[in-house]
Amino acid sequence: MSGPNFPNPIVRWIDHRLPIFTLMHHEMHEYPTPKNLNYWWNFGSLAGIVLVIMLVTGIVLSMHYTAHVDYAFQSVERIMRDVNYGWMIRYIHANGASFFFIVVYIHIFRGLYFGSYKAPRELLWILGVVILLLMMATAFMGYVLPWGQMSFWGATVITNLFSAIPGIGDWIVTLLWGGFSVDNPTLNRFYSLHYLLPFAIVGVVVLHIWALHRFGSNNPLGIDVRGKQDSIPFHPYYTIKDMFGLGVFLIIFSAVVFFMPNAMGHPDNYIPANPMVTPANIVPEWYFLPFYAILRAIPDKLLGVIAMFAAIGVLFILPWLDRSPVRSGTFRPIFKVFFWMLLADCVLLTYLGAKPPEGVYVILARIGTFYYFFHFLILLPALSIFETPKPLPRSISQPVLGSGAAAAAAAMPKENS
Amino acid sequence: MGARAFFWVTMVAAVAFSDGISSAKAAGKAVDIPSQEWSFQGIFGTFDRGELQRGFQVYKEVCSGCHSLNYIAFRNLVDLGFNEIEIKAIAAEYEVEDGPNDDGEMYSRAALPSDRFPAPFPNANAARASNGGALPPDLSLMAEARSDGSNYLFALMTGYRDPPAGIVLAEGMNYNVYFSGHQIAMAMPLAEDGVDYADGTKATVAQQARDVTAFLTWASEPNMEQRKRIGVMTVLFLLIMTVLLYVSKRRVWAAVH
Ligand code: HEM
């Protein structure tokens, strides 16, 4: 056993019986990490920190929130006005949800570009997609809680989608509602689940990180770590880098929370829910817009719902759609172009999700939806066959093949770093 | 180096982009709302106490006949620059229902600073009955419940016109350029010299509209000044901390590569 030698006797006593300090030392301190990770690799730990921020602010909000249709809106306004710093807690939580999605979407596109979903990280990737689904369910139900107009009508529109499922659809909708329309029982069960699901996310994040630590992080070159010279210990190198990234994140996040806290929200949600008045244009939160665009692009309700869920479902099988043995997009000249096209397509769908479903918007949404699935189901499998990747570097320590720099590096003795 | 620059650009773009989306959502309104200069805009913006007090006077003397202000208590008026004695006096002008007392009876008493503004109507049906079927909404959140709220409120107050030729107004409706659909059940609430300002300011319609808008913006978010003050300190602190973290990061990483 070559465990770490802890100077503190109490730590040593505990660690001998429950090697939790050894575990932490292995996984957070000496954990060997590729030395060439770029800043796109900051977003995983950032997502974890945002999750903690959401849990802490959420628990505090719960202390003042009342889950009842007659009091919910009012109790949120009391938090905003009468609870000490309640406005800060609520603005952090509301904007935190948006930033959680920004961070995780960047994290996912990082994985898409650098092929982080490929063997041996398929399960890690799948757990990530499970996290994404749980996040969506949590955010959707959280948005219902303030019981404003968009809360109510968003809940009505989205829960109604399930009625499209043949046979059991209506039964599911009744179950979600706890009655025959979105009402007090709906609010109560959504509140209960909104409190529960984030802890389920924590559980899946633990599995996600467990799977990550099995083979370690992928890296911008997408090649495996070949030996000691390719990696550095997580601490202090990546702890300090992640903290710097956190600082940058917090500056942007605070600027939004303190100077434009309602910019990402919808003004209608400051109107108390009213089942008798339908808002002119019911739009979900921005992070659902691409999926909403896909839903509405398809004229048939059931097929629309299927397509919307398939848009995420396709991510589950992505490791088996992209068969190219090369991970990183850097060495895949054609894949790289299509990666940016996919990103542009998702931005377009986000834009269209906010537009009324009429005229040219519908046509564009259909093209965008088609292209989304075309990318995953046709292009990626085809590229795996037809694309000729660029030659890969021999190792992380010798990234540039054939150039003078590589020759110089190769000439250097290996035992440094 | 390139990746780092890219990182910054993307983070900023993400914020700008989602902001763009929310204004794209707002673009549903038919007419452009003209922007006014407000003392409370910008990250250092604060309320003008004189403006708030005049706006309160407009609310009290004009709007409160039809509109409630449910989320504001008399004690909140300290924010407007009133002192405790003045607030007690303002509250005492109102009657509120309290009880039951020891005999089980409800009774009315003069309002206290801890009471909220009494609503003009006992319920929505009563409000509709006195307003030709239309419901005057609560005003405590009006500046946030409309996109570009403050500018919208000013525009609405000053947006009454004769209907253009060919447009026939429905019974009891008034033409307003900025109201969605242009036909609003509220008659133009402000009139030239409709109030007699305590501070001697000339009460033009535009002046009253400005003042009541400032007041309703405050009512929508009474903590706005505190929010911005804490925000400036937080961002300054984070900037310094992040520079230090960056320097440390460079030091720690100096040996790698
Ligand atoms: C609550 C949300 C999430 C948290 C807290 C989280 C956390 C993390 C952390 C700490 C890492 C290691 C650092 C890094 O490589 O960036 C990581 C890696 C990874 N995550 Fe996540 N993650 C989340 C969501 C997701 C989602 C939604 C996906 C994909 C759909 C995903 C896919 C991955 C993959 C593939 C890796 C390995 C990346 C690599 O090494 O290249 N994660 N995650």
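Helices (H or I, at least four residues) and strands (E, at least two) are taken as DSSP runs and numbered from the N terminus. This is a predicted model, in which local features need pLDDT of at least 70 and side-chain atom pairs count only at pLDDT 80 or more, while totals for chains, interfaces and linings use all residues. Residues are numbered from 1 along each chain as its sequence is written, chains are lettered from A and ligands numbered from 1 in the order in which they are written, and side-chain values use heavy atoms, with hydrogens and water left out.

A place to begin is the backbone of chain A. A:Tyr85 sits in the loop between α4 (72–81) and α5 of chain A. Its phi is positive, about 55 degrees, although the residue is not a glycine. Most residues other than glycine have a negative phi, and most peptide bonds are trans. A:Tyr85 is partly exposed, because its relative accessibility is 43% (buried means under 20% relative accessible area, exposed over 50%, partly exposed in between, with a 1.4 Å probe and protein chains only).

B:Asp148 has a positive phi of about 55 degrees and is not a glycine. The loop between α5 and α6 (149–157) of chain B holds B:Asp148. With a relative accessible area of 40%, B:Asp148 counts as partly exposed.

Two peptide bonds of chain A also call for a look. A:Ala119 and A:Pro120 are joined by a cis peptide bond, with omega about 5 degrees. A:Pro120 is placed in the loop between α5 and α6 of chain A. A cis bond also joins A:His235 and A:Pro236, again with omega about 5 degrees. A:Pro236 belongs to helix α10 (residues 234–259) of chain A.

The ligand comes next. There are 22 residues around the ligand, and A:His107, A:Ser116, A:Gly128, A:His208 and A:Asn218 come nearest (a residue is near a molecule or strand if one of its heavy atoms lies within 4 Å of it). By class, this shell has 12 nonpolar, 9 polar and 1 charged residues. Here Ala, Val, Leu, Ile, Met, Phe, Trp, Tyr, Cys and Pro count as nonpolar, Asp, Glu, Lys and Arg as charged, and the others, Gly among them, as polar.

Some atom pairs can be named. A polar side-chain atom of A:His208 is 2.7 Å from a nitrogen atom of the ligand. A polar backbone atom of A:Trp41 lies 3.2 Å from a ligand oxygen atom, and for a backbone N or O atom of A:Gly44 the distance to an oxygen atom of the ligand is 3.3 Å. Two or more residues of the shell come from each of α3 (43–62), α5 (86–114), α6 (122–144) and α9 (184–215) of chain A. The most come from α6(A), with 6 residues.

The last topic is the interface. Chain B contributes 51 residues to the contact and chain A 57 residues, where contact means heavy atoms within 4.5 Å. Between them the chains bury about 4900 Å², 75% of it on carbon and sulfur atoms; buried area is the accessible area (1.4 Å probe) that two parts lose on being put together, summed over both.

The rule finds 2 salt bridges across this interface, a salt bridge being a side-chain nitrogen of Lys or Arg within 4 Å of a carboxyl oxygen of Asp or Glu. B:Arg116 forms a salt bridge with A:Asp82, with 3.1 Å between the closest N and O atoms. On the side of chain B that touches chain A, α8(B) gives the most, with 18 residues.

Methods
A polar contact is a pair of N or O atoms within 3.5 Å; within protein, one must be able to donate a hydrogen and the other to accept it, and residues adjacent in sequence count only if both atoms are side-chain atoms.
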